[in-house]
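Subject: Structure handover

Hi,

Here is the structure for you to open. My notes on what was found follow below.

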Amino acid sequence: MPKTVIVGVSGGIAAYKSAYLVSALTKRGYDVHVIMTQNALEFVSALTFETISGNAAITDTFMKRENHDVLHVSLAKKADMVIVAPATANVLGKVASGIADDMLTTTLLASKCPVVFAPAMNTAMYEDAVTQSNITKLNELGYHVMDTGIGMLACRDEGAGRMKEPDEIIAFADSVFESLYDMHGINVLISAGPTREAIDPVRYLSNNSSGKMGYSLAQAAVSRGANVTLVSGPVSLDAPEKAQMINVVSAQSMEQAMTHHAKNADIIISCAAVADYTPANVSDTKIKKNDDMSLRLIRTKDILKILGEAKTENQILVGFAAETNDFDKYAKAKLESKNLDIIALNDVSRPGEGFGADTNNIKLFFKDNSEADLGVDSKEILAKSIINSIFEYRLKTTR
Ligand code: C5P
């Protein structure tokens, strides 16, 4: 379930009910941050929300900040959900049109988390074609706009436009959250990127892995609510938001991190291009030039094999196989020999795909002998399909 919830309060008489909403959310253990529009301040004071939520109520985009991060962006990043209650016709219209002229609408535009609107307005305004078309547009854009209740309104009109009760808003938000974050509570451990095997203080052996596939898998699992630990070799990518990052360098340090974190993992995805060999001796000083030179290499530990041997009941272990020929044969052999549940095969014989590239082509082989060809696509899209397939397989096979 969400940890950080932003409650946006816009200017309607129903704003008084939002105090109960914030109180109920806070009691359920959420870290609630209230953003009020200028008009909302005419109905309820910021102090009410500050006292109930325990956090400063934000009312102005240009509020002075002690730490100079951009507040609407930092809050938007932190939020697991935004609930706008009451949502006036004005706020619905602004968001539907991409207008961001105050703290609430800038935060809404900057946020990537689910947004629930609980509209509240006069019946005629609610039924107006412009409002209805804004609501349709918002729903099409992926926002979650609640219906309104029917009853006596502040203007003494009787009809639609009454904001749903706070408990109904919370139940609605819960159902949105459950449908989107269906991997909530699942621990996913992912390895990504290359490893670097030191030769001397300035040289190393490595490979062309960019880490993009593993990072995209981490992002896809995070977006479905999983707790993601990402063990990454040296790459130049931004850490996926909300993933726990463990940065490693060598195959040995990756092995230590993976075996340690595997104990609590429900799903383990080994996407890293781990070096198969490492120098037998690492020189403490820079090796001087000679006419010729030979480097003795020894095998690194096969991390995935170790994880396969230690696999616990109900743990799903996924490996990657980059092959240039006899694809299915090698992939199936690896599935078996490493005690995997799923292997993702990528054909690295095609130029411009796979290693270091933005696109990949993936075929999945499952322990139950089923297969799924995910085809060629961007690594982001393939990552979503892979995570989905792993999740479905887990639902099918674990007790
Ligand atoms: O056997 P091969 O190296 O081709 O298998 C690839 C799979 O094994 C990948 O999932 C990779 O992350 C993993 N691997 C590993 N430890 C190694 C080598 C590969 O975990 N030393």
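Domain bounds here come from an automatic or database domain assignment. On that basis the protein chain splits into domain 1 (4–180) and domain 2 (187–397). Their centres, taken over C-alpha atoms, are 42 Å apart.

Some ground rules. This is a predicted model, in which local features need pLDDT of at least 70 and side-chain atom pairs count only at pLDDT 80 or more, while totals for chains, interfaces and linings use all residues. Residues are numbered from 1 along each chain as its sequence is written, and side-chain values use heavy atoms, with hydrogens and water left out.

**Between the domains**

Contact (heavy atoms within 4.5 Å) links 6 residues of domain 1 with 4 residues of domain 2. The two domains bury about 310 Å² between them, with 30% of it on carbon and sulfur atoms. Buried area is the accessible area (1.4 Å probe) that two parts lose on being put together, summed over both.

The count between domain 1 and domain 2 is 1 salt bridge. That term needs a side-chain nitrogen of Lys or Arg within 4 Å of a carboxyl oxygen of Asp or Glu. The side chains of D80 and K242 form a salt bridge, at 3.2 Å from N to O.

**Around the ligand**

A polar backbone atom of A272 is 2.6 Å from an oxygen atom of the ligand. For F320, a backbone N or O atom lies 2.8 Å from a ligand oxygen. K338 uses its side chain: an N or O atom there is 2.8 Å from an oxygen atom of the ligand. The ligand alone exposes 450 Å², and the protein buries 85% of that. These accessible areas come from the Shrake-Rupley method with a 1.4 Å probe.

Best wishes

Key:
A polar contact is a pair of N or O atoms within 3.5 Å; within protein, one must be able to donate a hydrogen and the other to accept it, and residues adjacent in sequence count only if both atoms are side-chain atoms.
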